[in-house]
Amino acid sequence: MVMNRKKALLLGSAVLLVLVVAGGAAWLLVTSGGDLSYKTQAALRKALPAKAADELTVRGLSLQSPLKCEDLPGWTKQRMRVSCSGTTADNKQVRVLGSGEESSKRNYFTILVDGRPVVENAQCLGASCHKKTG
């Protein structure tokens with residue numbers, strides 16, 4: 001098969017188009033890893049007590065009083081860290097850890113009740129995360 005200049009240009013253009021489309025798709029996959037539910041340390045710290053209480057209620061546990069939250073040492077704008085503590089209605093210690101990672105665009109939550117994990121590395125807390133299917 002003899003390839004003339006016109007066929008070579010068409011083939012080269014087609015290959016270039018495929019590479020651009022594939023590169024764009026790969027870029028979208030890498031950059032669209034999600035979106036942070038809480039984009040700042042203050043927003044995470046403010047939302048965590050209510051969201052964690054809601055999650056505990058879904059699991060049949062109630063709190064004596066609202067959780068108290070504080071920033072964990074070493075947090076940054078890129079790596080948010082919050083810790084909350086409180087007590088259940090039946091006097092079990094509750095510890096909630098919330099984090100946000102700018103690089104992955106994800107939040108993670110862990111809840112310990114009486115030292116045992118009730119929630120581990122969940123990306124969402126509360127009743128809205130437990131939507132019924134079917």
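D90 is partly exposed, with a relative accessible area of 45%; buried here means under 20% relative accessible area, exposed over 50%, and partly exposed in between (1.4 Å probe, protein chains only). The partner of D90 in a salt bridge is K92, and the closest N and O atoms of the two are 3.8 Å apart. A salt bridge is defined as a side-chain nitrogen of Lys or Arg within 4 Å of a carboxyl oxygen of Asp or Glu. K92 is also partly exposed, at 32% relative accessibility. The structure is a predicted model, in which local features need pLDDT of at least 70 and side-chain atom pairs count only at pLDDT 80 or more, whereas totals for chains, interfaces and linings use all residues. Residues are numbered from 1 along each chain as its sequence is written, and side-chain values use heavy atoms, with hydrogens and water left out.

The chain contains two helices and five strands. Helices (H or I, at least four residues) and strands (E, at least two) are DSSP runs, numbered from the N terminus. Read from the N terminus, the order of the elements is α-α-β-β-β-β-β. The chain has 134 residues, of which 25% count as buried. Its accessible surface is about 9,200 Å², and carbon and sulfur atoms hold 59% of that surface. These areas come from the Shrake-Rupley method with a 1.4 Å probe; for residues, only the protein chains shown count as cover. Among contacts with a separation of 6 or more, 44% are between residues 24 or more positions apart, where contact means heavy atoms within 4.5 Å.

In total, seven salt bridges are present in the structure. In one of them, E101 is paired with R81, with the closest N and O atoms 2.4 Å apart. E101 belongs to strand β3 and R81 to strand β2, so this pair ties together parts that are 20 residues apart in sequence. Both residues, E101 and R81, are buried; for E101 the relative accessible area is 16%. A network of salt bridges links R79, R81 and E101. When residues up to four places away in sequence are not counted, E101 touches L36, Q78, R79, R81 and R106. Another salt bridge joins R59 to E55, and here the closest N and O atoms are 2.7 Å apart. E55 is buried at 2% relative accessibility, while R59 is partly exposed at 38%.

The next feature is the nonpolar interior. In soluble globular proteins, nonpolar side chains tend to be buried together. A nonpolar core is a set of buried Ala, Val, Leu, Ile, Met, Phe, Trp, Tyr and Cys residues joined through side-chain atoms within 4.5 Å. The largest such core has 19 residues, and those that touch the most other members are L48, V94, V96, I111 and L125. Two or more residues each are given to this core by α2 (41-58), β2 (79-87), β3 (93-101), β4 (106-113) and β5 (116-122). Helix α2 supplies the largest share, five residues. Leaving aside residues up to four places away in sequence, L125 touches L48, K51, A52, E55, F109, I111 and V119.

The structure holds one aromatic pair. Rings of Phe, Tyr and Trp (its six-membered ring) pair if their centres lie within 6.5 Å; planes under 30 degrees apart count as stacked, over 60 as edge-to-face and the rest as tilted. Most residues other than glycine have a negative phi, and most peptide bonds are trans. D114 is not a glycine, yet has a positive phi of about 55°. The position of D114 is the loop between β4 and β5, where D114 is partly exposed at 42% relative accessibility. N121, also a residue other than glycine, has a positive phi near 50°. N121 is found in strand β5 and counts as exposed, at 55% relative accessibility.
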